[in-house]
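Please walk through this fold strand by strand.

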Amino acid sequence: LKIKGIYLLQTGTDKWSENILGNDPLEKGKRRYLDIGRKSILGLCNLKIVDGSGKEKIWERLPILEIFSIKFNRMGDIEYERIKLSS
């Protein structure tokens, strides 16, 4: 499975971001650090993933500013780890 596109849609907007991956698809089992433009994000976001065949999957209302790691499980759903703030 290859991922050819990752897009964000911020709460309160109606336009998806540019493809965060650019023109360089992400191969299965590979890892990449991406700049999502955190400074301009103001809350929850929807996340759209497009695979190599053009199939799209969308997850809604993710706390994207609190997430530092996203991965896909065997069922095709995302699992993410939140930033742990010290108390």
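Is Arg61 buried or exposed? Arg61 counts as exposed, at 55% relative accessibility. Here buried means under 20% relative accessible area, exposed over 50%, and partly exposed in between, with a 1.4 Å probe and protein chains only. The model is predicted: local features need pLDDT of at least 70, side-chain atom pairs count only at pLDDT 80 or more, and totals for chains, interfaces and linings use all residues. Residues are numbered from 1 along each chain as its sequence is written, and side-chain values use heavy atoms, with hydrogens and water left out.

Arg61 sits in strand E3. Its phi is near 55 degrees, a positive value in a residue other than glycine. Most residues other than glycine have a negative phi. Strands (E, at least two residues) are DSSP runs, numbered from the N terminus.

Three strands form an open sheet, ordered E1-E2-E3, with antiparallel pairing. E1 and E3 stand at the edges with a single partner strand each, so one side of each has no neighbour in the sheet. Neighbouring strands of this sheet are turned by 15 degrees against each other on average, direction ignored. The axes behind that angle are lines fitted to C-alpha atoms, and angles run from 0 to 180 degrees between N-to-C directions. Two strands pair if DSSP finds at least two bridges between them.

Take the pairs in turn. E1 and E2 are joined by seven bridges. Gln10 stands opposite Cys45 in E2. Five bridges join E2 to E3, and Val50 has Glu56 in E3 as its bridge partner. The hairpin of E2 and E3 has four residues between the strands, and Gly54 takes a positive phi near 95 degrees there.

E2 itself is mostly covered: seven of its seven residues are buried. Cys45, Leu47, Ile49 and Asp51 point one way, while Asn46, Lys48 and Val50 point the other way.

A further pair follows. E4 and strand E5 (residues 78-82) run antiparallel, joined by five bridges. Ile67 stands opposite Arg82 in E5. Five residues lie between these strands in their hairpin, and Gly76 in the turn has a positive phi of about 85 degrees.

Ile83 lies in the segment after E5. Ile83 is partly exposed, at 39% relative accessible area. Ile83 touches Leu65, Glu66, Ile67 and Phe68, not counting residues up to four places away in sequence. Contact means heavy atoms within 4.5 Å. Ile83 and Leu65 are 18 residues apart in sequence and 8.6 Å apart in space, C-alpha to C-alpha.

Last, the pockets. On a 1 Å grid over the protein atoms alone, where a 1.4 Å probe fits, a pocket is an open set of points with protein on both sides within 12 Å along at least five of seven lines; lining residues have an atom within 4 Å of a point. The largest pocket holds about 1200 Å³ of space, a volume being the space filled by probe spheres set on the points. Its lining has 35 residues, and Ile3, Leu26, Ile70, Lys71 and Phe72 lie nearest its centre. E4 gives the largest share of this lining, six residues. The second largest pocket holds about 150 Å³. Its lining includes Leu8, Gln10, Asp35 and Ile41.
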